[in-house]
Every structure is written in structure tokens, then in C-alpha cells.
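Trainee: Before I look at the model, could you take me through how its features are read, one at a time?
Mentor: Gladly; let us have the sequence and the structure in view and begin from there.

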Amino acid sequence: IPFFMGLYYSMTDWTAIAGVEPKFVGLENYKTMFSDYAFRYSFGRTFLFTLLSVVAINAVALVLAFLVTRELKLKNFYRAGFFVPNLIGGLVLGYIWQFIFKSVVPPLGGLVGSEAIQNLLILSDPNLTLLGIILAFTWQYAGYIMMIYIAAILNVPQELIEASDIDGATPLQKLWNITMPLIAQAFTITSFLTLVSSFKQYDIIRALSNGGPTTMFQGEIVNSSELLAVHIYDVAFKYNRMAEGQARAIIFFLVLSVISIAQVYYNKKKEVEM
């Protein structure tokens, strides 16, 4: 019901002002959306952020999972420690990393005698801010994804590993030919979770950079880290263009649905092949 109500409102001039009845305008909000340079820019940046985040989070989580499934002392302590950042709220986590980027990184550069690190203003450089957000998001989410990989790795039959040892398989051969195919189902789950979470990222961006700093796109000023979720919120609530914001949310929902379904289908197909 909310979706179809939203679809209707996206075709009106709705402003959410009490007593003002919305008028039907058809596809006008959608035409405005696709001609808006800020929307096109945030759309492209969201895709870039999602791609890099999915790769970074899964790579870090998989490495951590392999580390903490070895016979290590305090391995349960390490598992808990890697998972703890996921318990921190996105806003709080954003402010933590804002403090690190502004008040820890530059003095650290001076301490080690590196002028490059000392002048590394991540939140002021349009080319670096997105990478800073990816770093913060990976730090928060990798521990959660790690737990899924741990469960999958622990379910790999040890008889197969022992048999491969007898056959003289190298660690790399065991990883590629036994472990990876048997944890393929975990890849489907983790890829889906990281994909959806990356696309919907809002709170860390709001706390860390608030969408900034500004940069130029097609001759216009845009916010370099304003991803789609932040852009939609600003259009609807900051500029009080509720109907336009709703139209962008509809497109956002449809694009995310198509990409998520395609990703799950592709991964399921790869599971069978592996």
C-alpha cells in the first residue's frame, strides 16, 4: 500500500503541506529527475561506491574469517573484536571517523615525518572523501559479514581436507578446489547483503561528510559524496520537493530490485558451476 501510494504521489505536485491538495502532473517529476545533473551524478557515484564497497567488505571479511578459524589463541576474542564495530550506530561511527580523519591522520603524518600524510585532508578532497566513507563502512560491516563466512568455513567437511592432505594438495589448491566451492552459498548471501546496504547507505555519509565537499560535474556544482539515499532525502525534506523526492525513490527502488535479483540469480548459477 505505501509503495502504490508513493507511486501516485510521484505523479503529483505533492508538497506535504497541510490543506494543499496535490494535483496530478503525470510523468513531469520523472522528466525533471533525469534532466537533473545532481541526480545523474549521485546515481553514478552510488554505483561506484557500491562496487568498491562490495569488493572491499567481502575481501576483508573473508581474510578475517580465514584468520579466526585457524588454531589461534584468543580466537574467540578476535572474532568478537572484529564484530564490535557493527554494533556502533552509523551516526556515531561517522563522527568517530570524522575525528580520525581530521584530528588523528594529520598529526600522525607529522609524527612519522610524512608530509604527504600530514597534508592528507580526506574530507576536504572530492577525490578522497568517497574512499574515506568506504573505509569507515568497511570497518563497520566487515565483522558482520565475517561471521557468515566463519559459519560457512566451519561447515566444510574436514574429511575432504584430510584427504587432500594425503594426496599432497597445496594450501592454495585446497582453498580453490575445496573450500571456495563449498562456501559458494555464503558468497550469494554476503554479496546480497553488502550490495543492498551499500546502495542504501545514508547515516555514515550524513555524519562523516554530509554529502560534501563540492566539486564540478558537467559545469555545475555538486556534492562529491552525496549518494542516492542522501540526495533523495535532501530533495524531499531539505528543498521540500516531496513529489520529486518520491519519484527518485521509486526509481531507486526499481534499480536496486533489478540489480539485487540479477546478483542473486548470477551467484546461484555460479554455485551450481562451482
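Predicted model: local features only at pLDDT ≥ 70, side-chain atom pairs only at ≥ 80, totals over all residues.

Trainee: Which kind of peptide bond joins Gly 212 and Pro 213, cis or trans?

Mentor: The general idea is that most peptide bonds are trans, and that most residues other than glycine have a negative phi. In this model the bond that joins Gly 212 and Pro 213 is cis, with omega at about -5°.

Trainee: Which residues other than glycine have a positive phi?

Mentor: Gln 218 is one of them, with phi near 55°, and Asn 240 is another, also with phi near 55°. Gln 218 sits in the loop between E1 and strand E2 (220-223), and because its relative accessibility is 54%, Gln 218 counts as exposed. Asn 240 belongs to the loop between helix H12 (228-238) and H13, and with a relative accessible area of 36% Asn 240 is partly exposed.

Trainee: Where does UniProt place the domain feature, and how much of that span is helix?

Mentor: The unreviewed UniProt entry places "domain: ABC transmembrane type-1" at residues 43-263. In the model this span is 74% helix and 4% strand, and its end C-alpha atoms lie 19 Å apart.

Trainee: How do the axes of helix H4 and helix H7 cross, and which residues make the contact?

Mentor: For a pair of helices, one can begin with the axes and then turn to the side of each helix that makes the contact. Helix H4 (residues 75-83) and helix H7 (residues 129-154) have axes that come within 8 Å and cross at roughly 140°. On the H4 side the contact is made by Arg 79, Phe 82 and Phe 83, and on the H7 side by Gly 143, Tyr 144, Met 146, Met 147, Ile 150 and Leu 154. Sorted by class, these residues of the H4 contact with H7 are seven nonpolar, one polar and one charged.

Trainee: Is Ser 191 buried or exposed, and what does its side chain reach?

Mentor: Ser 191 is found in helix H10 (residues 184-199), and because its relative accessibility is 15%, Ser 191 counts as buried, the cut-off for buried being under 20%. The side chain of Ser 191 reaches the backbone oxygen of Phe 187 at 2.7 Å. Leaving aside residues up to four places away in sequence, Ser 191 touches Asn 58, Gln 263 and Asn 267.

Trainee: And how should I read a residue such as Leu 51?

Mentor: Leu 51 is found in helix H3 (residues 37-68), and at 55% relative accessibility Leu 51 counts as exposed. Its C-alpha atom and that of Ser 198 are 147 residues apart along the chain, yet they are separated by 8.5 Å.

Trainee: How many aromatic pairs does the structure hold, and how is a pair described?

Mentor: A pair of aromatic rings is described by the distance of the centres and the angle of the planes. The structure holds 19 aromatic pairs. One of them, Phe 3 with Phe 253, is tilted, at 5.1 Å centre to centre and 50° between the planes. Because Phe 3 lies in helix H1 (residues 2-9) and Phe 253 in helix H13 (residues 242-273), this pair ties together parts that are 250 residues apart in sequence. Phe 3 is partly exposed, with a relative accessible area of 33%, and Phe 253, at 43% relative accessibility, also counts as partly exposed.

Trainee: What geometry do Phe 34 and Phe 39 form?

Mentor: Phe 34 and Phe 39 form an edge-to-face pair, at 6.1 Å centre to centre and with 85° between the planes. Phe 34 counts as partly exposed at 46% relative accessibility, whereas Phe 39 counts as buried at 3%. Both rings belong to one aromatic cluster, formed by Phe 34, Phe 39, Phe 43, Phe 47, Phe 199 and Phe 252.

Technical notes:
Residues numbered from 1 in each chain as written. Heavy atoms only, no water. UniProt positions renumbered as here; feature names shortened; annotations may be inferred. Helix = DSSP H or I, 4+ residues; strand = E, 2+ residues; numbered from the N terminus. Buried < 20%, exposed > 50% of the residue type's maximum accessible area, 1.4 Å probe, protein only. Polar contact = N/O pair within 3.5 Å; in protein donor to acceptor, adjacent residues only side chain to side chain. Contact = heavy atoms within 4.5 Å. Axes fitted to C-alpha atoms, helices over the stretch in contact; angles between N-to-C directions. Nonpolar A, V, L, I, M, F, W, Y, C, P; charged D, E, K, R; others polar. Phe/Tyr/Trp six-rings, centres within 6.5 Å; stacked < 30°, edge-to-face > 60°.
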